[in-house]
Amino acid sequence: MSIILVTAVIASLFLVIGAAEPLAARLRLPYSVILAIIGMLIGAGAIFLLRTELTDALNPVAEAILGLPIRSNVFLYVFLPTLLFQATLGMNLRRILDDWVPIFVLAVVAVIVATLSVGYALAWASTLPLAACLLIGAIVSTTDPSAVVSIFRSLSAPRRLARIIEGESLLNDAAAIALFGLFMGFVMLGMPDPTLKDALGRFPLLIIGGVVAGWLAAQLAVWVMALFARHERAQISVSVALPYLAYIGAEQLIGASGVIAVVTAGLTMNLTGPGRLAPQAWTNLGEVWSLLAHWAGALIFILAALLIPRLLEEVRVADVALVGVVICAAIVARAVILFGLLPLLTLLRVSPAVELPYRVAILWGGLRGAVTLALALAVTESIFVPVEIKRVVGILATGFTLFTLIVQGTTLRTVIHWLGLDRLSPLDEALSRQVVAVALQTVREDVSQTTENYELTREIVRSEAKDFGERLDEAVKAAEDGAEILDRDRITLGLIALAGHERDTILARMRERTISARMAELVLSNADRLIEGARTGGRNGYQRAARQSVTYGRSFQIGVALQRRLHLSGPLTRMTADRFELLLAQRLILRDLGVFIDRRIRRIHGRRVADLLHELLARRVEALETALEGLRLQYPGYAEELERRFIRRTALRLEEREYTAMREDGLIGAEVYTSLMQSQNARRADTEKRPTLDIAIQGAELVRQFPLFEGLEEAAVKQLGRSLKTVYVDSGKVIVRKSDPAESVFFIASGAVELESAGHTWRFGRGEMFGQMAILTHKALRAQVRAIAPSTLLVLDAERFRRLLASSPALQQAVRASAEQRGIDPSGLLPEDGPEAIADNGS
């Protein structure tokens, strides 16, 4: 076959890919459905041209189309790694981790339920062995979420819902392909009825081996890419090699799952890449992978669809009935997950509540596509699989895929319309009318100013102003006549808009390189939580998400435990530095939000809503400053270093802007501009390096900042710094409970706590202490203490506290004041004969 002809056919396929997207938009059909239909038409047309006697002129073209090297290995080794790697690379992994329970359960359980449902239904309805039936079940259990996700996004469905569907589909493919490999082995070995023990025996190697292989490959690739810091194209080239080498290495070298290896490699790159690569290089890498995945996804659909006419050549009447069995069993299995398991997860509060219309849309939008056809093709090509099983697998998988694409895919938008998901709610309708009225008022003012500046003809201006005024009057009247929006709803809408603007500001700062890509990803995750919190819980949901953005989190507590018990300070150092930079980045972003409230939200929702949003914003800033203050107290020089780094970044950005403006104005040539930018890039690389944080030498510095420890000698300060243990607590956490043994005294380095005892409540803040009364009175604790803000506490055991009290007049005075405040006679705590008696009592 002529290479010129093959090249022409492949180039023509890219023309088809280019034309399919606008065609899908015009016909209002899913893109994948259009690609599949075009592929089937091309394949059927080529077969027709070869078999017809009308003309032989186009036979070479038909032979070139049908002679394309379309084998299962092409799909599994060329296209599949690209699609999986890009899907994991483009995920907001930290938000995915927030929903890992519903994603994992839905994906894994959905695959198992679908495989078992289809497998046992076919075993009941046909004479196929159970292993072959379960193999078919695994093949048809993969789903393509692109159609339903794209429609959900166009309908402004909750982002969390789309994210769960995408995450579920990714793990769904991985689990289904792993099960496919398992049952394919049973069929090839001639095991008609495999047991559960046989199935589970190989699973650990498939999963664990794939995870290890993918993680090692990604770590090595990131290390190599970091060495090529000044060569962006070299970095992208390494990233392109990574998924293929991970897939082949896992499959061929250790017999593990290549799919799991690619997914793990992508997740590892997603986590470590933004911190090791320059922001622009990471952005460009993502764009390259988006294009590669677009081409791979389109080609895999077209090429797989080319095979459909051949796979259906030997179809029989009985096969049509079996296709119906597969369709019914797969839909029932999906319905069990969506209407049984998903509501159960919602009741257990591990999954967001998914409204009934969305669940119906997800059920009908469970399309199957190229992965299903590729797996079926792998079965039909195997010489170890019996001929009849190959024929039935090819026909059932292809028939089911056709049903989902032709029937479900073409009617999905109709179902969406029938469910009412494409219509605005009454609240959104009322808001849209008000937004139009406010926008037109602003436009009228701007247009009036523009006409004055350009001295346009008065008659034309007057005529246009009249038409515009009529439109404005209609908009204002529609807004006044529309449904009244409650203050509660206005607050929710204002918070959603505020969080959305916060997200836009973060993206702008990232483009300006004022904040690093890694920190931008973290604060973007926080902004997404704010949006979803406001959507689902209004003001309370927004506040919960805001509090979560400054909490320490479980990983931070684990880092503290590793440092304290195993003396492993690396994880805690990294997380503390990340927290420092994250809080500073958040403070930078929050400073810009007040202007948005005054300029935009006030005009739409009124003064009361704007004032409330200012109040909520002030609380966020206060909580942020409290968290930052705790870190500054412990690491006084590190905050200054990070602020210097921010100033240098800002100066570089402004300098680059000036050079670019001069280049555009023709004041400097291309050679001068290139030289200047090379110098800028070298300085930029220096500012990307984060200052080193040493968490081991800060104890004494923290002690010196406490007024309670004034007057101590330098040796005592250093000894105390080594004796104090640092504890981080989040807002709302109970620190001390009633009847706990009196073992420690707590000093508040930052934050605030609330002490409740005998019906009375006291609040303590930075520089104060609690727990000393129970130790000095030798009684069990009678109070409960909880944090009312993210707090950093210094903990000292009872024996050391007594020794410290004996040598610190300032601490003795604080104990007297605290006792008198609670109505306790301090004479029993501090004997008249002075500090020596205290020392004796403690010994």
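Tutor: Begin with terms: helices (H or I, at least four residues) and strands (E, at least two) are DSSP runs, numbered from the N terminus. Two strands pair if DSSP finds at least two bridges between them. This is a predicted model, in which local features need pLDDT of at least 70, side-chain atom pairs count only at pLDDT 80 or more, and totals for chains, interfaces and linings use all residues. Residues are numbered from 1 along each chain as its sequence is written, and side-chain values use heavy atoms, with hydrogens and water left out.

Student: Which residue in E6 is the bridge partner of phenylalanine 747?

Tutor: Strand E3 covers residues 744–750 and is joined to E6 by two bridges, the two strands running antiparallel. On the E6 side, phenylalanine 747 has as its bridge partner methionine 769.

Student: In what order do the four strands of the open sheet with E3 and E6 stand?

Tutor: Strand E1 (725–729) and strand E6 (769–770) are the edge strands, each pairing on one side only. The pairing is antiparallel, and the order is E1-E8-E3-E6.

Student: At about what angle to E8 does helix H32 run?

Tutor: Angles run from 0 to 180 degrees between N-to-C directions, and axes are lines fitted to C-alpha atoms, for helices over the stretch in contact (heavy atoms within 4.5 Å). Helix H32 (residues 798–807) lies across E3, E6 and strand E8 (791–797), and its angle to E8 is about 85 degrees.
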